[in-house]
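Please take a moment to look over the sequence and the model before reading on. The paragraphs below then lead through the chain step by step.

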Amino acid sequence: MASSHIASSSPSPIKNRRILAKALMDRHGYGGPDDCITSIRCNGREFHIEMSPFYICDSPVVEARYRKFIAAVKGEFVEDAEEDEQDVLEDFHEWLIVAFEPVFLELAPDVPPSFDPEKLATGEARPLLSEYLFPEEYCCRLETENDKVFPVHVRDAESRFIHTPLNDIHPELARELRQCGVRFFDPFEVAVAFRKPRDALVEEPTRVLVELDGSGRKTLCFFKTFGLGGDIALEDELEAHLRVIRSTLASDARVVRLHGVVTVDGRIAGLLLTHIDHGRQNSGPLFEDHLLHVPIALRQRWVNQIRETVEQLHDAGLVWGDAKAENIMIDTNDDAWLIDLGGGYTEGWVGKDKAGTKEGDLQGMAKIIEHLSNEEYEPYSETDSLKSD
């Protein structure tokens with residue numbers, strides 16, 4: 001059975017004078033248990049590189065590198081003091097991009113006009129979501145002999161998987177959404193708005209612009225996708241947003257809202273949600289590694305805001321559901337937002353018997369408050385501040 005591993009977003013893309021490339025995803029198990037297809041975005045195009053021990057001939061060095069990589073993709077790599085699973089993945093991706101540089105230079109030597117960083121920086125151009133959902137794609141294969149690498153472009157080959165998973169929802173749910181004023185958009189109506197123009201060439205879109213009300217003014221939204229087989233999770237989240245829309249929840253409550261749905265031929269490509277700006281120190285998901293540098297007074301502000309928002313939800317007859325620190329986002333104004341109202345629960349935060357209840361929300365909130373209170377405070381050093389800039 002095929003499965004996939006999303007490449008980390010932390011490493012910088014590999015670049016030279018002519019290309020900018022970055023690994024997006026590893027999918028193993030398509031032909032055999034140790035086969036893998038790695039997708040790389042380069043200059044606005046996508047390259048799907050097929051790899052298998054079958055194509056590695058008399059190449060012990062490459063084979064050892066690949067065996068270590070496939071173990072990491074499958075979650076079977078045994079970490080040691082010198083390297084961990086993420087190091088293995090990143091090192092292999094860098095090696096693979098260098099190996100396929102001749103193919104990238106041949107097939108993607110230029111930058112499509114709507115992805116041109118200079119034009120994006122001045123506002124002359126902006127890529128559309130459709131260009132990411134239906135990218136220019138190339139199928140490739142990694143072959144080796146005597147440890148010499150041969151990057152191959154497999155001409156006229158069809159992609160072996162769907163670039164963007166499309167999900168289905170019950171027609172009645174779609175009807176109810178429309179009745180409640182939720183708009184459905186074609187990907188050609190949605191523009192992608194990366195913070196850094198060069199990211200348009202290699203990153204997946206999450207920050208988008210769309211005209212929601214017919215006024216001509218575009219609203220910044222977060223574009224959320226669901227993986228293969230994500231129909232149930234998608235329906236659960238849409239039903240949760242429907243409950244919010246129909247409720248008396250105050251419009252200023254710091255809860256992510258549904259603004260629209262992006263569809264392709266009647267199937268769901270993703271949701272348009274409230275965009276939470278989190279571009280500086282202490283902002284972003286409420287993970288533990290943030291807390292060391294967060295002043296105690298600011299943590300107490302977040303505690304008060306979380307309590308207030310959960311109380312607003314409960315007064316409106318709603319529940320948060322999967323209450324945990326990871327489902328709190330801090331914006332650039334140092335305000336705490338609740339995200340992911342799709343239900344469920346996470347072990348260690350909410351008990352299974354309290355999932356989807358107000359009691360479960362209170363249980364999760366108590367653990368979040370404990371999470372915020374346990375870590376001591378250490379101010380950012382001057383070096384840390386420079387890195388964050």
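What follows begins with the chain as a whole and then turns to its strands, a loop and its helices.

This is a predicted model, in which local features need pLDDT of at least 70 and side-chain atom pairs count only at pLDDT 80 or more, while totals for chains, interfaces and linings use all residues. Residues are numbered from 1 along each chain as its sequence is written, and side-chain values use heavy atoms, with hydrogens and water left out.

The secondary structure of the chain comes to 11 helices and 17 strands, where helices (H or I, at least four residues) and strands (E, at least two) are DSSP runs numbered from the N terminus. Of the 389 residues in the chain, 47% are buried; buried means under 20% relative accessible area, exposed over 50% and partly exposed in between, with a 1.4 Å probe and protein chains only. Contact means heavy atoms within 4.5 Å, and among contacts between residues at least 6 apart in sequence, 63% join residues at least 24 apart.

Strands S4 and S5 pair in the antiparallel sense over 7 bridges, two strands being paired if DSSP finds at least two bridges between them, and Thr38 stands opposite Ile49 in S5. The two strands form a hairpin with 2 residues between them, and Asn43 in the turn has a positive phi of about 50 degrees. S5 is also joined by 5 bridges to strand S7 (residues 137–145), the two running parallel, with Phe47 opposite Tyr138 in S7.

Strand S4 (residues 36–42) also holds Arg41, which counts as buried because its relative accessibility is 0%. The side chains of Arg41 and Glu204 are joined by a polar contact of 3.4 Å; a polar contact is a pair of N or O atoms within 3.5 Å, and within protein one must be able to donate a hydrogen and the other to accept it, while residues adjacent in sequence count only if both atoms are side-chain atoms. A polar atom of the Arg41 side chain also lies 3.5 Å from the backbone oxygen of Gly44.

Elsewhere, 6 strands form an open sheet of mixed pairing in the order S9-S13-S14-S12-S11-S10. Its edge strands, S9 (183–185) and S10 (191–192), each pair on one side only. S10 runs antiparallel to strand S11 (residues 207–211), to which 2 bridges join it, and Val192 stands opposite Val208 in S11.

In the loop between helix H3 (101–107) and helix H4 (117–122) is Ser114, whose side chain makes a polar contact with that of Glu131 (2.6 Å). Leaving aside neighbours within four places in sequence, Ser114 is in contact with residues including Leu120, Ala125 and Arg126.
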